[in-house]
Amino acid sequence: MLDRGVEIKAPEQIDAMRRAGLVVGETLEILRGAVRAGISTRELDAIAEDSIRGRGATPSFLGYEGFTGSICASVNDEVVHGIPGDRVLAAGDVISIDCGAIVDGWHGDAAISVAVGEVPAEVTTLMEVTEGAMWRGIAAARLGGRVTDISHAVEGFVKRSGRYGIVEDYVGHGIGSAMHQPPNVPNFGRAGKGPKIVEGLALAIEPMITLGTKETVVLDDDWTVITTDGSYAAHFEHTMTVTSSGVWVLTAIDGGEEMLAKLGVPFGGR
């Protein structure tokens with residue numbers, strides 16, 4: 001089952017991950033609709049937990065190494081791992097919501113960034129570039145290719161889009177019977193490196209991009225990661241796999257079919 005520490009899933013296990021992925025995808029859409037000025041990150045967390053449990057799943061994040069939320073809620077210069085709490089969102093904020101769920105022991109993991117009302121044009125563009133980079137990374141995955149083909153595609157898209165910071169301290173990862181597994185999936189680097197992409201490999205692709213520096217620091221809560229220069233950050237993530245038919249985005253409600261078609265990539269869902 002394991003090849004050099006990389007977990008290879010059977011088709012029925014990928015199907016369980018798809019069920020977990022749908023829970024995550026549907027929950028994130030509910031949260032997207034709930035984001036507004038005046039709501040607290042704790043209230044968003046409660047909505048997420050209700051959604052996950054109401055779909056027969058378990059939150060991946062709650063209790064993970066002591067984490068106290070069902071989502072990570074990271075606002076403005078917070079890149080990732082923000083702890084839900086009393087913070088109230090205000091117009092002009094950007095919140096990254098990272099969500100995970102477990103079904104029958106198998107994980108799904110995804111993230112979105114959402115603007116609270118009107119934000120500056122450069123922040124809107126930052127979110128568009130980050131999401132676009134995620135999809136270019138996903139689209140670069142091919143059976144027989146290498147994990148850093150994804151990394152190279154993410155970095156290339158970001159660099160073609162303007163001057164942004166690509167966070168290097170936090171990266172994508174393998175996922176399956178545990179939320180974080182080998183291999184790491186950096187958002188930068190040369191193509192053709194790392195483990196081979198084979199059927200049954202599942203990866204979480206998650207670029208974290210900033211308007212300034214790539215440098216980060218962890219706050220005193222030992223979780224929240226912020227940019228060292230106070231610049232805004234955006235974060236998008238999907239869990240995906242590659243089948244004999246093409247690419248399957250397990251946390252996208254449509255399996256990624258619409259975006260993959262736009263990018264000219266075969267859809268591999270079932």
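**Figure 1. Buried residues and length of helix H3 in the predicted model.** Helix H3 comprises residues 121-139. Its buried residues are Val-123, Leu-126, Met-127, Val-129, Thr-130, Gly-132, Ala-133, Met-134, Trp-135, Gly-137, Ile-138 and Ala-139. The term buried denotes a relative accessible area under 20%. In an α-helix there are 3.6 residues a turn, so residues three or four places apart point the same way. The 19 residues of H3 should span 27 Å at 1.5 Å a residue, and the computed distance between the end C-alpha atoms is 27 Å, which agrees.

**Figure 2. Gly-264 and its distance from Ala-139.** Ala-139 belongs to the buried residues of H3. Gly-264 is placed in the segment that comes after helix H5 (257-262). Although 125 residues separate Gly-264 and Ala-139 in sequence, their C-alpha atoms are 8.4 Å apart in space. Gly-264 has a relative accessibility of 61% and therefore counts as exposed, the cut-off for exposed being over 50%.

**Figure 3. An open sheet of three strands.** The strands follow the order E5-E14-E13, and their pairing is antiparallel. Strand E5 (78-80) and strand E13 (216-218) stand at the edges; each has a single partner strand, so one side of each is left without a neighbour in the sheet. On average, neighbouring strands of this sheet are turned by 40° against each other, direction ignored.

**Figure 4. Pairing of strands E5 and E14.** Strand E14 covers residues 225-227 and pairs with E5 in the antiparallel sense, over two bridges. Glu-78 has Ile-226 in E14 as its bridge partner.

**Figure 5. Asp-222 in the loop between E13 and E14.** The phi angle of Asp-222 is near 70°, a positive value in a residue other than glycine. Asp-222 is exposed, its relative accessible area being 63%.

**Figure 6. Glu-65 in the loop between strands E3 and E4.** This loop runs between strand E3 (58-59) and strand E4 (71-75). Glu-65 has a phi near 50°, which is a positive value in a residue other than glycine. With a relative accessible area of 64%, Glu-65 is exposed.

**Figure 7. The cis peptide bond from Pro-182 to Pro-183.** Omega of this peptide bond is near 0°. Pro-183 lies in strand E10, which covers residues 181-185.

Terms used. Residues are numbered from 1 along each chain as its sequence is written. This is a predicted model: local features need pLDDT of at least 70, side-chain atom pairs count only at pLDDT 80 or more; totals for chains, interfaces and linings use all residues. Side-chain values use heavy atoms; hydrogens and water are left out. Two strands pair if DSSP finds at least two bridges between them. Helices (H or I, at least four residues) and strands (E, at least two) are DSSP runs, numbered from the N terminus. Axes are lines fitted to C-alpha atoms, for helices over the stretch in contact, and angles run from 0 to 180 degrees between N-to-C directions. The expected span of a helix is 1.5 Å times one less than its number of residues. Buried means under 20% relative accessible area, exposed over 50%, partly exposed in between (1.4 Å probe, protein chains only).
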